[in-house]
Amino acid sequence: MDTKKFYNLSNPRDVEFLLSTINDDMAVDSDVGGDDDADDNIPSSRCSIAPSTSTSFSNQFEDSDNEDSESSEGCLSADDETFDWQKISAKPPMFQGSTFDRPFGISKKAQFDITSPLSIFLNVMTNLFLQYIVDQSNLYAIQRGTVLGLTLDELKAYLGILIIMGFHTLPSIRHYWSKESNFGVQRVQSIMTLKRFLKITRMLHLNDNETMAKKRKRV
């Protein structure tokens with residue numbers, strides 16, 4: 001039977017024990033960067049550490065017969081701690097107040113070029129839905145006391161910039177319009193200005209705030 005002892009670094013007791021074995025000289029050697037590291041003198045197991053209580057020379061010989069039985073006390077082996085993992089499955093909440101009766105999946109009437117990513121995207125984000133975003137964004141801008149003047153084509157260009165930013169990441173949005181060659185992206189700069197991009201971002205809206213239910217006040 002394998003009697004080799006191991007430390008479990010995920011066990012706080014083992015970590016505390018190992019830290020207690022490092023003295024000042026070992027720590028200095030480690031900081032100076034010499035050949036001797038602090039962990040060179042760390043015992044391989046708890047059994048190699050002499051007990052903290054003092055024992056006389058004669059008592060050591062008297063207790064030698066019990067060495068085998070006592071040497072394993074307080075030592076950790078690989079099989080000392082076992083974990084029985086159980087998966088607790090939780091059923092998703094059922095919403096009884098509403099039902100979904102619409103067909104799901106790809107409609108048989110959907111017609112698009114499977115080799116064109118743009119064609120697939122526009123079958124999901126249809127012009128009808130994108131125009132709704134345009135109308136709601138322009139309405140929100142008016143409610144904020146400004147004019148956005150967003151169009152369907154400009155919204156598509158805006159979404160295209162977001163896709164570019166998704167695979168060409170930079171530290172910040174402003175870097176895409178930087179004059180520094182290491183950051184500036186000419187393709188993005190040629191579509192719209194930074195000021196216009198930020199204004200669309202601030203005003204982008206999908207719902208009329210005036211028709212939304214009022215938030216409940218926290219008690």
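## Chatting through a predicted model

Colleague: Okay, take Leu9. Where is it placed?

Modeller: Leu9 sits in the segment before H1.

Colleague: And is Leu9 buried or exposed?

Modeller: Exposed, because its relative accessible area is 63% and the cut-off for that label is over 50%.

Colleague: What about Phe17, which helix is that in?

Modeller: Phe17 is in helix H1, which covers residues 12–20. Phe17 counts as buried because its relative accessibility is 15%, and buried means under 20%.

Colleague: Switching topic: how many residues does H6 have, and how far does it reach?

Modeller: Helix H6 runs over residues 127–143, so to speak a 17-residue helix. From first C-alpha to last, H6 reaches 24 Å, close to the 24 Å expected at 1.5 Å a residue.

Colleague: Which residues of H6 are buried?

Modeller: Leu130, Ile133, Val134, Gln136, Ser137, Asn138, Tyr140 and Ala141. The cover over the buried residues of H6 includes helix H5 (117–124), helix H7 (152–167) and helix H9 (194–203).

Colleague: Gln136 is in that list. Why does it count as buried?

Modeller: Because its relative accessible area is 12%, and the label needs under 20%.

Colleague: What does Gln136 touch?

Modeller: Leaving out residues up to four places away in sequence, Gln136 touches His205, Leu206, Asn207 and Asp208. A polar atom of the Gln136 side chain also lies 3.1 Å from the backbone nitrogen of Asp208.

Colleague: Now Asn138, also in H6. Why is that one called buried?

Modeller: Asn138 has 19% relative accessibility, so it counts as buried, with the cut-off at under 20%.

Colleague: And which residues does Asn138 touch?

Modeller: Leu148, Gly149 and Leu150, again not counting residues up to four places away in sequence. The side chain of Asn138 has a polar atom 2.9 Å from the backbone nitrogen of Leu150.

Key
Residues numbered from 1 in each chain as written. Predicted model: local features only at pLDDT ≥ 70, side-chain atom pairs only at ≥ 80, totals over all residues. Heavy atoms only, no water. Helix = DSSP H or I, 4+ residues; strand = E, 2+ residues; numbered from the N terminus. Expected span 1.5 Å × (residues − 1). Buried < 20%, exposed > 50% of the residue type's maximum accessible area, 1.4 Å probe, protein only. Contact = heavy atoms within 4.5 Å. Polar contact = N/O pair within 3.5 Å; in protein donor to acceptor, adjacent residues only side chain to side chain.
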